[in-house]
Amino acid sequence: MTNLLDLAPDALTGYFADRGEKPFHARQVSRWIHQRFVADFGAMSDLPRALRERFMAEAVVQGPTVVRDTTAADGTRKWLLDAGNGNAVESVYIPEDDRGTLCISSQAGCALDCAFCATGKQGFNRNLTTAEIIGQLWHANRMLIADGATGPWIEHGRPPITNVVMMGMGEPLANFDNVVPALELMLDDNAYGLSRRRVTLSTSGLVPVIDRLRDACPVALAVSLHAPNDALRDRLVPINRKHPLADLMAACLRYLERAPRDFVTFEYVMLDGVNDQPQHAAELIALTRDVPCKFNLIPFNPFPGTEFAVTPRARIVDFQKALQDAGRVATIRKTRGDDIDAACGQLAGQVQDRTKRRLATRIVSVAAHATRTAH
Ligand code: SAH
Ligand code: SF4
């Protein structure tokens, strides 16, 4: 059985062509799946009956299995999704006044081991498939519609998710071959039809793969900078030892030649006493002098066992002001979904936490049992 969620637009057309079916039907099926969030071929009423029956025998639209579904007081909603073998990943819906953003995961765990990141501390488990990546968007839209989510854009007939950020668990550029087909689906007019500006990929700085993304599928780019010099960044973001700052800045400039936005977003996590001093701001200004960019200062989200603490608010504001005084755009990220651990760096999923893992397995088996008994 082929899971049609695994197929990028071209691959879906190819799948139809291989079976002697017309490209037109591939577009119809794509719209049923990715615009109306229908999984049942029998319900795809404008398809010839013979085609529907053929698909029922050969293919599925298999979305993620939800292990846990939590909504915070501010409306932020987090889904914990089964990734097999006792692992789970998370996606987070963040509603705002004029948009709905989904934060998507790309890997179960992460191999890059940034010093301040809960996902990194779990180690790497595996890459998510294209179906598991796009399935997060498919599933979130489907659930939010079913639950009657509101928002001015939804009232105007748009789907709940208007923006995607690849800022969940994992390093998306370390899973390029599965991430790019998912990005293509996000952008495709017969699928989600999002503009490139509304899809942001965040990377810790895999320089050669930034170039590949530029050529294959340029979307808005965010780079996790977190330190203004190589000595400090080597420690905080270990991939820096392989791709140091000068190379990273050059890659950002090359990316901007094709990027949908005319700036790169630099993410900078505020770690008390580590990277938040006036001299760090000065170094940062010098480092990025030639790179059109905006800064997003992220208050560090502590997690059990971390050696770091968050910079006090007043010092974050001082840091922001130093950047602004140098003519730079710098924002401080609002923390959302605090009561359900939905913030950056807290998307721990359940890769290594064995106590939680046992609990999750139990929830899954209880849910499976409930489904079985309901039929
Ligand atoms: N791997 C990619 C994307 C996922 S992380 C990357 O590193 O860019 C998304 C953002 O959250 C990154 O900027 C990351 O550095 C940041 N982050 C990780 N742990 C954090 C924490 N504990 N507190 C605040 N931000 C964190
Ligand atoms: Fe991986 Fe990003 Fe976490 Fe670094 S910050 S360990 S790259 S998920």
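Predicted model: local features only at pLDDT ≥ 70, side-chain atom pairs only at ≥ 80, totals over all residues.
Biologist: Which residues surround ligand 2?
Modeller: Happy to start there. A residue is near a molecule if one of its heavy atoms lies within 4 Å of it. The residues around ligand 2 are Cys-110, Leu-112, Asp-113, Cys-114, Cys-117, Gly-120, Gly-170, Glu-171 and Ser-204.

Biologist: How many residues of each class does the shell around ligand 2 have?
Modeller: Ala, Val, Leu, Ile, Met, Phe, Trp, Tyr, Cys and Pro count as nonpolar, Asp, Glu, Lys and Arg as charged, and the others, Gly among them, as polar. By that scheme, the shell has 4 nonpolar, 3 polar and 2 charged residues.

Biologist: How do Phe-300 and Phe-308 pair, and at what angle between the planes?
Modeller: Rings of Phe, Tyr and Trp (its six-membered ring) pair if their centres lie within 6.5 Å; planes under 30 degrees apart are stacked, over 60 edge-to-face and the rest tilted. The structure holds 9 aromatic pairs. Phe-300 and Phe-308 lie 6.2 Å centre to centre and are edge-to-face, at 80 degrees.

Biologist: Is Phe-300 buried or exposed, and with what relative accessible area?
Modeller: Buried means under 20% relative accessible area, exposed over 50%, partly exposed in between (1.4 Å probe, protein chains only). Phe-308 is buried, at 8%. Phe-300 is also buried, with a relative accessible area of 4%.

Biologist: Which residue has its charged end over the ring of Trp-32?
Modeller: A charge sits over a ring if NZ of Lys or CZ of Arg is within 6 Å of the ring centre and within 35 degrees of the ring normal. Here the charged end is 3.9 Å from the centre of the Trp-32 ring, and it belongs to Arg-36.

Biologist: What should I know about numbering and cut-offs?
Modeller: Residues are numbered from 1 along each chain as its sequence is written, while chains are lettered from A and ligands numbered from 1 in the order written. Side-chain values use heavy atoms, without hydrogens and water, and local features need pLDDT of at least 70, side-chain atom pairs count only at pLDDT 80 or more, and totals for chains, interfaces and linings use all residues.
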